[in-house]
Amino acid sequence: MASPSRGSRDADSSSFAGSDRSAGRWQIEQPGVGDAVMERLQEVGTLTRVIEQRLSGALGINATDLAAMEHLATDGPLTAKELADRLRVSTAASTHIVDRLEKAGHIVRRPHATDRRKVMVEPVAESMDRLFGHLHPLLRGVEGLVEALGPRDRDVVKAFLAGVVRIYTDTADSFPKG
């Protein structure tokens with residue numbers, strides 16, 4: 001991916017730190033331009049969105065529903081409330097997500113084992129097989145890169161990524177819930 005040019009982008013750009021709207025164009029301050037690490041992080045972010053869009057399309061669901069499926073794949077069966085918390089959406093929105101996923105055949109609702117008031121949202125095995133079938137090459141490739149790291153490099157990468165996750169989490173938490 002070529003590095004973005006300094007100056008302006010179209011008004012629909014979603015990546016900018018500060019802007020000055022003039023002559024129908026955004027004047028954008030672009031921190032990290034020319035820094036290889038920052039540019040690779042930007043590229044990973046862009047490619048993550050591309051993969052999410054294509055995976056959503058392959059599964060016949062939208063990006064929000066895919067995020068729910070990822071939580072169910074990672075954490076196992078959850079209540080709609082737990083899913084809402086992980087997605088940072090309202091419980092009403094979570095109910096709509098669960099309804100869509102159930103209608104598409106990706107999840108089933110099951111009674112909670114010990115609490116009659118709760119319903120568990122459980123991923124369908126065939127759906128998880130499809131999800132991981134699409135993701136397998138990506139996951140194996142990244143796993144291979146991690147396995148190739150020496151212990152010191154692994155510690156540096158781990159600390160760096162923990163810091164990135166903290167910044168992303170803080171930023172996500174700063175936005176209104178909805």
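Analyst: Happy to. Contact here means heavy atoms within 4.5 Å, while helices (H or I, at least four residues) and strands (E, at least two) are DSSP runs, numbered from the N terminus. This is a predicted model, in which local features need pLDDT of at least 70, side-chain atom pairs count only at pLDDT 80 or more, and totals for chains, interfaces and linings use all residues. Residues are numbered from 1 along each chain as its sequence is written, and side-chain values use heavy atoms, with hydrogens and water left out.

For orientation, the chain holds 6 helices and 6 strands, in the order β-β-β-α-α-β-α-α-β-β-α-α from the N terminus on.

Let's begin with the helix pair. From H2, the residues Thr64, Ala67, Ala68, His71, Leu72 and Asp75 meet Leu83, Arg86 and Leu87 of H3. By class, this contact of H2 with H3 has 5 nonpolar, 2 polar and 2 charged residues; Ala, Val, Leu, Ile, Met, Phe, Trp, Tyr, Cys and Pro count as nonpolar, Asp, Glu, Lys and Arg as charged, and the others, Gly among them, as polar.

How do the two helices lie? H2 spans residues 63-75 and H3 residues 80-87, and they pack at an angle of about 110° with axes 10 Å apart. H2 is therefore roughly perpendicular to H3, a label for angles of 65 to 115 degrees. Axes are lines fitted to C-alpha atoms, for helices over the stretch in contact, and angles run from 0 to 180 degrees between N-to-C directions.

Now follow the chain to the sheet. Strands of a sheet pair through backbone hydrogen bonds, either parallel or antiparallel; two strands count as paired if DSSP finds at least two bridges between them. Here 3 strands form an open sheet in the order E4-E6-E5, with antiparallel pairing. Because E4 and E5 are at the edges and have a single partner strand each, one side of each lacks a neighbour in the sheet.

Strand E4 (residues 78-79) is joined to E6 (residues 119-123) by 2 bridges, and Thr79 has Met120 as its bridge partner in E6. On the E5 side (residues 107-111), pairing with E6 runs over 5 bridges. There Arg110 stands opposite Met120, and Pro111 faces Val119 of E6.

To finish, look for helix H4 (residues 91-103), which lies across E5 and E6 and runs at about 115° to E5.

Notes:
Angles under 35 degrees count as roughly parallel, over 145 as roughly antiparallel, 65 to 115 as roughly perpendicular and the rest as oblique.
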